[in-house]
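Okay everyone, let's get started.

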Amino acid sequence: MFHKNIKLILAGLIVATGIWQITDGYTGNGIFLILVSALPVFLYFKNEFILLAFLKLRKQDFEGAKKWLDKIKNPEGALVQKQQGYFNYLHGIMLSQTNINQSEKYFKKAIELGLSMDMDLAVAKLNLAGIAMSRRRKLEATSLLNEAKKLDKQNMLKDQISMMKEQMKKI
């Protein structure tokens, strides 16, 4: 796993090589290298292991997703802040099935670091509301549910939110 700044240095070196190729008369090679330099820049902002973990999660392959996330040894050095948020978000989703104490820590850290999509933030808050409700913290759960409802603009979580509100009435 590379440090995040090595990807930018690599992109700079590829651009420099592309410019050198253009000045030497190999215009096609130079243009191709300049276009290829976009790949390390893309991977700087969208980590390849997190993308692969998301693909595994779409297939409900938690073990495969965990395997990809385990390849990131030092998240603070290898990932930008939003990616660290998604790293914690994915760990929280995977652990929500087995260990809610650990899952709560990961979801809180993900919200603190930030997630770029409102839907992901809504899912994290919905999971935190469920954890709070299971621990009989009704006020915290209500506030988290309301925040999740505001963030859910496409009403994809409407059923889960209403079901959780019904369950809270029993507490």
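So, E104: buried or exposed? Buried, with a relative accessibility of 8%, and the cut-off for that word is under 20%. Keep in mind that we're looking at a predicted model here.

Now, who does E104 pair with? As a general point, side chains of opposite charge can pair when their charged atoms come close. One partner is K108, and that salt bridge has an N to O distance of 3.3 Å. Both residues sit in helix α8, which covers residues 100-113, and they are 4 residues apart, so about one helical turn separates them. K108 itself is partly exposed, at 41% relative accessible area.

Next up is R135. Its side chain meets that of E104 in a salt bridge as well, at 2.3 Å from N to O. Here the two ends come from separate places: E104 is in helix α8, while R135 is in the loop between α9 (118-134) and α10 (138-151), so this pair ties together parts that are 31 residues apart in sequence. R135 is partly exposed, with 29% relative accessible area.

Then there's R137, which makes a salt bridge with E104 at 2.9 Å, N to O. R137 also lies in the loop between α9 and α10, and E104 is back in helix α8, so this pair links parts 33 residues apart in sequence. For R137, the relative accessible area is 29%, so we call it partly exposed.

Which residues are linked in the network of salt bridges? They are E104, K108, R135, R137 and E140. And for the whole model, the count of salt bridges comes to 9.

Okay, on to the helix, α10.

Which residues of α10 are buried? That would be A141, L144, L145, A148 and L151. If you look down the axis of α10, the buried residues fall within an arc of 120 degrees, which means they line one face of the helix. What do they pack against? The answer is α9 and α11, the latter being residues 158-169. Over on the other side of α10, you'll find L139 and K150, which are exposed.

Note on methods: Residues numbered from 1 in each chain as written. Predicted model: local features only at pLDDT ≥ 70, side-chain atom pairs only at ≥ 80, totals over all residues. Heavy atoms only, no water. Salt bridge = Lys/Arg side-chain N within 4 Å of Asp/Glu carboxyl O. Buried < 20%, exposed > 50% of the residue type's maximum accessible area, 1.4 Å probe, protein only. Arc of directions from axis to C-beta. Contact = heavy atoms within 4.5 Å.
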